Amino acid sequence: MEKNIFLEKLMTGLAKTRDTLSRNLDTLLFGEKALDRELFEELEELLIAADLGPQFTHDLIDDVKEKIKRHELGNALQIKNILRERLAAILRPVEKSMTIPNGEPYVIMVVGVNGSGKTTTIGKLANLLKNDGHEIMFVAADTFRAAAIEQLEIWGKRVGAPVIRQKMNADPAAVVFDALGKVKGGYSGVIIVDTAGRLHTKVNLMEELKKVKRVIGSQLKGAPQEILLVLDATTGQNAVNQARIFKEEIGATGIVLTKLDGTAKGGVVVRIAHELALPVRFIGMGEGLGDLRVFESNDFVAALLD
Ligand SMILES: Nc1nc2c(ncn2[C@@H]2O[C@H](COP(=O)(O)OP(=O)(O)OP(=O)(O)O)[C@@H](O)[C@H]2O)c(=O)[nH]1
Ligand SMILES: [Mg+2]
């Protein structure tokens with residue numbers, strides 16, 4: 001029941017993306033369309049417009065041409081089936097949820113550019129993990145923005161998670177050092193670290209995030225076990241660029257795609273999956289406590305095409 005509600009929400013959220021992709025595709029392929037160059041050109045345009053990326057688009061068209069050569073494709077309508085198969089084949093491997101062991105400390109460092117939805121995602125994630133029986137602690141390592149610490153504290157109250165904090169402008173590395181001290185004191189739950197999100201083009205932010213990561217690692221072997229990159233789906237191509245930079249520079253281990261409620265750019269997940277192969281841990285579909293969900297590729301393909 002609960003799952004159906006979420007799938008419905010996903011269908012609604014991705015309606016604009018589905019319109020760009022599926023409806024236009026249906027129009028393009030309808031009837032006795034010739035499988036010719038003109039069709040391929042229009043198909044290419046359409047897939048690019050849906051943010052699926054040039055790589056995916058060219059691979060798909062090559063596949064279609066190959067199938068025509070081998071007489072495996074009789075009419076244009078079957079192209080939609082090929083698209084469905086390829087989307088599933090790309091999204092299935094990145095459907096990898098986080099597995100958090102019980103009884104040992106587990107650090108999740110949350111990163112991403114400003115406004116992508118980090119702090120909100122942390123609140124929603126804590127709610128999910130609490131429901132799974134995990135103990136949660138927040139660390140306010142975004143010390144730049146005046147309201148950042150308060151925002152995290154509000155979420156902390158909502159979900160019942162203590163917040164380790166210092167004053168504004170404190171050194172974020174010092175805040176995580178403090179927090180990891182709790183592990184030495186016997187804490188064995190999940191520690192979620194909120195970080196600042198100024199623009200990724202500023203070298204400073206990357207250097208600072210690296211330092212935070214280093215300090216965490218020096219205090220707890222193997223930590224942070226997860227570096228969760230939060231991406232705003234509505235930014236399309238930018239989200240892909242950010243994913244590349246955060247993967248290379250910080251070593252992001254998984255992504256959360258937020259704001260999938262009402263975007264026309266939901267296809268960007270495919271692009272990130274295809275070009276960067278980063279596990280998609282969760283998707284965010286709203287600002288409420290219950291609006292985060294484990295990524296499921298089947299549901300996603302259905303929401304894109306059906
Ligand atoms: N519609 C929608 N809004 C979201 C979602 N996730 C976050 N938001 C909103 O996006 C805005 C920014 O979210 P924050 O969580 O503050 O983003 P942040 O990455 O922590 O931002 P900084 O702390 O400035 O770096 C807020 O208004 C959130 O309510 C989502 O999945 N859907
Ligand atoms: Mg924030």
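Does Arg271 count as buried or exposed, and at what relative accessibility? At 12% relative accessibility, Arg271 counts as buried, where buried is under 20% relative accessible area, exposed over 50% and partly exposed in between, with a 1.4 Å probe and protein chains only. The model is a predicted one, in which local features need pLDDT of at least 70 and side-chain atom pairs count only at pLDDT 80 or more, while totals for chains, interfaces and linings use all residues. Residues are numbered from 1 along each chain as its sequence is written, chains are lettered from A and ligands numbered from 1 in the order in which they are written, and side-chain values use heavy atoms, leaving out hydrogens and water.

Arg271 sits in helix α11; helices (H or I, at least four residues) and strands (E, at least two) are DSSP runs numbered from the N terminus. The side chain of Arg271 meets that of Gln237 in a polar contact of 2.7 Å, meaning a pair of N or O atoms within 3.5 Å where, within protein, one must be able to donate a hydrogen and the other to accept it, and residues adjacent in sequence count only if both atoms are side-chain atoms. Setting aside neighbours within four places in sequence, Arg271 is in contact (heavy atoms within 4.5 Å) with Asp51, Leu52, Gly53, Pro54, Gln237, Val240 and Leu276.

As for the helix itself, eight of the nine residues of α11 (residues 268-276) are buried, so it is largely enclosed by the rest of the structure. Among the buried ones are Val268, Ile272 and Glu275. After α11 comes Ala277, with a positive phi near 50°.

Next, the cores. A nonpolar core is a set of buried Ala, Val, Leu, Ile, Met, Phe, Trp, Tyr and Cys residues joined through side-chain atoms within 4.5 Å. The largest has 84 residues, and Leu257 and Ile272 touch the most other members. Helix α5 (residues 79-91) provides the largest share of this core, seven residues. A second, separate core of 25 residues includes Met98, Ala126, Ile149 and Val190. Beyond its neighbours within four places in sequence, Ile272 has contacts that include Leu231, Ala239, Ile255 and Leu257.
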